[in-house]
Amino acid sequence: MNRIIVIGNGFDKAHGLATGYRDFMDKYWTDFLGRIFGGYWRWITETSGVINDPHPYEDEFVLFEVFRDKQHEKSGPLRPQPGPTPYDDVLKFIATLNDPSNENYEGSVRLTFKNRFFGHISGLCSLTNWLDIENEYYTKLKVLLAEDDAVLRNGKVRELNKDFDAVKKRLESYLTQIIGEAQIEPIPAIREVFDSLIEFNDVAYGKQKIFVESILQHIVRIDKKDVVTVDKEDDPDYLFCSSRDEERKYYVLKQLHDEHFRETHCKPSDTLILNFNYTQTAKKLYARMKDGIINIHGELGSTRNPIIFGYGDELDDDYKRIERLQDNDFLENIKSVRYHETGNYRRLLGFIESEPYQVVTMGHSCGNSDRTLLNTLLEHPNCISVKVYYHQREDGTDDYSQLVRNLSRNFNDKAALRDKVVHKERCAPLVPK
């Protein structure tokens with residue numbers, strides 16, 4: 001038996017790395033506010049009430065203009081939201097400067113988004129606590145399906161792709177900086193999961209025969225025995241076995257009470273770390289020499305395995321409509337297309353075909369942006385178990401239920417979902433509080 005450990009962004013965040021999409025967006029707007037209204041001038045304003053002119057600023061995302069009077073057209077949709085985010089601070093600052101009743105500042109300012117997609121996800125940061133940039137890209141892509149004019153539609157999708165590519169490049173630069181500055185240490189609870197056995201009680205009922213046969217084959221390899229026997233005289237419970245399969249299962253289940261037997265035969269033969277992050281946290285802290293690693297979404301700064309940033313839900317009904325458009329620009333950032341640029345996906349297919357395996361998720365939301373790949377992984381006949389390590393919050397609540405709901409969307413076979421996914425009592429927090 002093998003094991004696949006699915007690594008998502010929550011894994012990095014558990015190690016104190018600010019690698020989330022919200023972290024990325026908050027850092028941008030914090031830096032932006034520092035560029036237009038630095039710490040010294042902010043201190044002057046807070047102590048004296050006098051507001052000095054902020055600095056004009058421009059990059060690939062925004063244009064910030066400063067005027068001497070209040071007669072200029074203001075930024076249209078920029079309204080402060082109640083959420084405590086750096087973007088909200090920017091909006092409140094702009095509103096204060098442009099307020100006609102503000103006697104401490106005679107001028108005005110204007111913020112314009114040059115990148116419309118970046119403006120959209122910035123607004124979401126104010127309205128929600130959670131942001132999935134890839135999902136928002138796909139939502140925007142589907143909106144364009146309603147455009148009947150093919151020429152106009154193609155122009156809009158190219159603009160969206162250009163905006164999305166700029167966000168991707170800035171995100172890669174941000175993550176490279178974060179990783180370069182980070183000091184991380186292994187977490188004992190996570191180390192224990194990497195070293196743990198595959199437990200019989202975690203195996204789906206429909207896959208227990210596969211589990212038993214896998215152990216028996218391991219016994220043959222280790223002990224050089226071709227036949228498994230039970231002493232009928234010393235074990236009256238054996239009389240309940242009415243077939244050869246039941247005899248073999250009974251033998252294994254009886255032996256599983258022995259700790260040495262479990263240590264010998266229930267350890268994964270091979271472990272594959274399926275890393276959905278662009279970082280190498282799992283490899284640096286937990287991978288053993290024999291463990292396989294597939295960075296399925298690429299690696300930071302790599303030309304051989306460039307990052308894949310987009311959407312991966314071919315099971316969505318609208319995806320079929322996208323394919324029927326015969327417009328390749330709509331497929332520019334579809335993950336399953338990008339997977340063909342390396343051999344990573346084929347390596348994964350080879351691993352799941354080789355032997356029965358357990359899937360362990362660590363910090364992956366199991367959302368729709370990776371639905372196609374996860375469906376292949378979870379519904380494969382060789383998948384015998386799906387064990388979730390969830391996030392436990394400071395107040396004692398957790399996201400186990402949310403993760404199972406997300407997992408359900410990756411299963412077309414709901415009976416398999418109910419059988420394979422390990423119930424909460426046998427799961428645990430990724431990092432116990």
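Guide: Of the 433 residues in the chain, 50% are buried, meaning under 20% relative accessible area with a 1.4 Å probe and protein chains only, against over 50% for exposed and in between for partly exposed. The model is predicted, with local features needing pLDDT of at least 70 and side-chain atom pairs pLDDT 80 or more, while totals for chains, interfaces and linings use all residues. Residues are numbered from 1 along each chain as its sequence is written, and side-chain values use heavy atoms, without hydrogens or water.

A nonpolar core here is a set of buried Ala, Val, Leu, Ile, Met, Phe, Trp, Tyr and Cys residues joined through side-chain atoms within 4.5 Å. The largest one holds 52 residues, and Trp29, Phe32, Val62, Phe118 and Ile133 touch the most other members. At least two residues each come from α2 (21-36), β3 (62-67), α4 (86-98), β4 (108-113), α5 (116-127), α6 (133-143), α7 (150-181) and α13 (317-324). The largest share, nine residues, belongs to α7. These elements are DSSP runs numbered from the N terminus: helices are H or I with at least four residues, strands E with at least two. The chain has 18 helices and nine strands.

Trp29 shows how the pieces meet. Beyond its neighbours within four places in sequence, Trp29 is in contact (heavy atoms within 4.5 Å) with Val62, Pro86, Tyr87, Val90, Leu111, Phe113, Phe118 and Ser122. A second, separate core has 33 residues, including Ile4, Leu272, Phe276 and Leu417. Across the chain, 74% of contacts between residues at least 6 apart in sequence join residues at least 24 apart.

The Asp316 side chain reaches the backbone nitrogen of Asp318 at 3.2 Å. Arg371 is itself among the buried residues of α16, as are Thr372, Leu373, Leu374, Asn375, Leu377 and Leu378. Helix α16 (residues 371-378) is mostly covered, with seven of its eight residues buried.

As for cysteines, Cys125 is buried at 4% relative accessibility and Cys266 is buried at 2%. With a disulfide taken as a pair of cysteine sulfur atoms within 2.5 Å, the count is zero.

How values were computed. A polar contact is a pair of N or O atoms within 3.5 Å; within protein, one must be able to donate a hydrogen and the other to accept it, and residues adjacent in sequence count only if both atoms are side-chain atoms.
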